Amino acid sequence: MKSRVELYNNKNKSKNYKIYIVIFAVLFIFLFIFFGIKQYNNYLINKYSVRGVLVNQSDGYIDFVSLANNNQKFVYIKASQGSTYTDDNFSNNFNRSQGSGMQIGVYHIFSVQSKIKSQLANFTKEVGANYGSIPPMIVVNSRLNGSQIKQLSDFVYMVHRYYNTDLVISCNNKIFSDLHKRNPYISLLSSDLNNSKATFISIDDHSMNLDGSNVSLNQVAFNGKNTDWERYLLKSRNR
């Protein structure tokens, strides 16, 4: 006959097993959903015929010819962030991207902590005349209040005037809507793959095969057909 201690221990073991089963089940469901969403997003973005990538120094050495051979039509290269930071690989990446056959653009990450005139000076000093063949991009990674959106709008206008070109803005729909009222020459890059109003859509850490090796890059797609892309490029050349 089992003692009360043995019965108590067996009961606790049974409870522990149930807890472990629940934890493993929750973990399995989480991983299934995570990888399922990632695979679905990969499927969605691969449906677009005109695709490209965003690159920065954290991506290491980029073989732009291999990207072009992988059916990438364009690339955006990070130039600067805020008023003082510049991407260590910008000049090297930009120079090596020439002759790849891809359309080249540059981008700046906007900072609410930096004055817009100093951000413009930082961006234009790093980029110079090397702003590429497609409109420069400004990336907004944080939520902005009303006064910060006004600050961003002024910065967008300054870049537009400096290079006399249209711009692409990576941000959420609300920020873009507020910006577009003041700056009709901008287009949207959205992380929402179903955003029909976006000119470009993006997905982070997209896996692709380059020369037999799997690499993970931020994938971008043009939200249109090849004929739309040709019209977009023609408009960019006539800016």
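Student: Where is Asn164 found?

Tutor: Asn164 is found in the loop between H5 and strand E6 (167-170). Keep in mind that this is a predicted model.

Student: Is Asn164 buried or exposed?

Tutor: Start with the cut-off: over 50% relative accessible area counts as exposed. Asn164 has 53% relative accessibility, so it counts as exposed.

Student: Which value does phi take at Asn71?

Tutor: Near 70°. That is again a positive value in a residue other than glycine. Asn71 sits in the loop between helix H2 (64-69) and E2.

Student: How accessible is Asn71?

Tutor: Asn71 has a relative accessible area of 34%, so it is partly exposed.

Student: Let me step back. How many helices and strands are in the protein?

Tutor: The protein has seven helices and nine strands. It has 239 residues, and 43% of them count as buried.

Student: What share of the contacts joins residues 24 or more positions apart?

Tutor: Take the contacts with a separation of 6 or more. Residues 24 or more positions apart account for 66% of those.

Student: What follows H4?

Tutor: Gly128 follows H4, and phi of Gly128 is positive, near 60°.

Student: Which residues of H4 are buried?

Tutor: Look for residues under 20% relative accessible area. In H4 the buried ones are Ile116, Gln119, Leu120, Asn122, Phe123, Thr124 and Val127.

Student: At what angle do H4 and H5 pack?

Tutor: About 35°, with their axes 10 Å apart. The crossing of H4 past H5 is right-handed.

Student: Which residues meet there, between H4 and H5?

Tutor: H4 brings Ile116, Lys117, Gln119, Leu120, Phe123, Thr124 and Val127. H5 brings Gln151, Asp154, Phe155, Met158, Val159, Tyr162 and Tyr163. By class, this contact of H4 with H5 has nine nonpolar, three polar and two charged residues.

Student: Next pair. At what angle do H5 and H6 pack?

Tutor: Helix H5 (residues 146-163) and helix H6 (residues 173-182) pack at about 50°, and their axes are 10 Å apart.

Student: Which word describes the way H5 and H6 lie to each other?

Tutor: Check the ranges: under 35 degrees is roughly parallel, and 65 to 115 is roughly perpendicular. H5 and H6 are therefore oblique to each other. Their crossing is right-handed.

Student: Which residues of H5 and H6 meet?

Tutor: From H5, Ile149, Lys150, Leu152 and Ser153. From H6, Lys174, Ile175, Asp178, Leu179 and Arg182. Sorted by class, the contact of H5 with H6 holds four nonpolar, one polar and four charged residues.

Student: How far is His180 from Ser153?

Tutor: In sequence, 27 residues; in space, 8.8 Å from C-alpha to C-alpha. His180 lies in helix H6. His180 has 35% relative accessibility, so it counts as partly exposed.

Student: Is Asn93 buried or exposed?

Tutor: Asn93 is in helix H3. Its relative accessible area is 1%, so it is buried.

Student: Which residues does Asn93 contact, leaving aside its neighbours within four places in sequence?

Tutor: Val55, Ile62, Phe64 and Ile77 are in contact with Asn93.

Student: One last residue. Where does Asn56 lie?

Tutor: Asn56 lies in the loop between strand E1 (51-55) and H2. With a relative accessible area of 16%, Asn56 is buried.

Student: What does Asn56 touch, beyond its neighbours within four places in sequence?

Tutor: Asn56 is in contact with Lys78, Asp87 and Tyr107. Take Lys78: Asn56 and Lys78 are 22 residues apart in sequence. In space, their C-alpha atoms are 5.1 Å apart.

Key: Residues are numbered from 1 along each chain as its sequence is written. This is a predicted model: local features need pLDDT of at least 70, side-chain atom pairs count only at pLDDT 80 or more; totals for chains, interfaces and linings use all residues. Side-chain values use heavy atoms; hydrogens and water are left out. Axes are lines fitted to C-alpha atoms, for helices over the stretch in contact, and angles run from 0 to 180 degrees between N-to-C directions. Helices (H or I, at least four residues) and strands (E, at least two) are DSSP runs, numbered from the N terminus. Angles under 35 degrees count as roughly parallel, over 145 as roughly antiparallel, 65 to 115 as roughly perpendicular and the rest as oblique. A crossing is left-handed if the near helix is turned anticlockwise from the far one by less than a right angle, and right-handed if clockwise. Contact means heavy atoms within 4.5 Å. Ala, Val, Leu, Ile, Met, Phe, Trp, Tyr, Cys and Pro count as nonpolar, Asp, Glu, Lys and Arg as charged, and the others, Gly among them, as polar. Buried means under 20% relative accessible area, exposed over 50%, partly exposed in between (1.4 Å probe, protein chains only).
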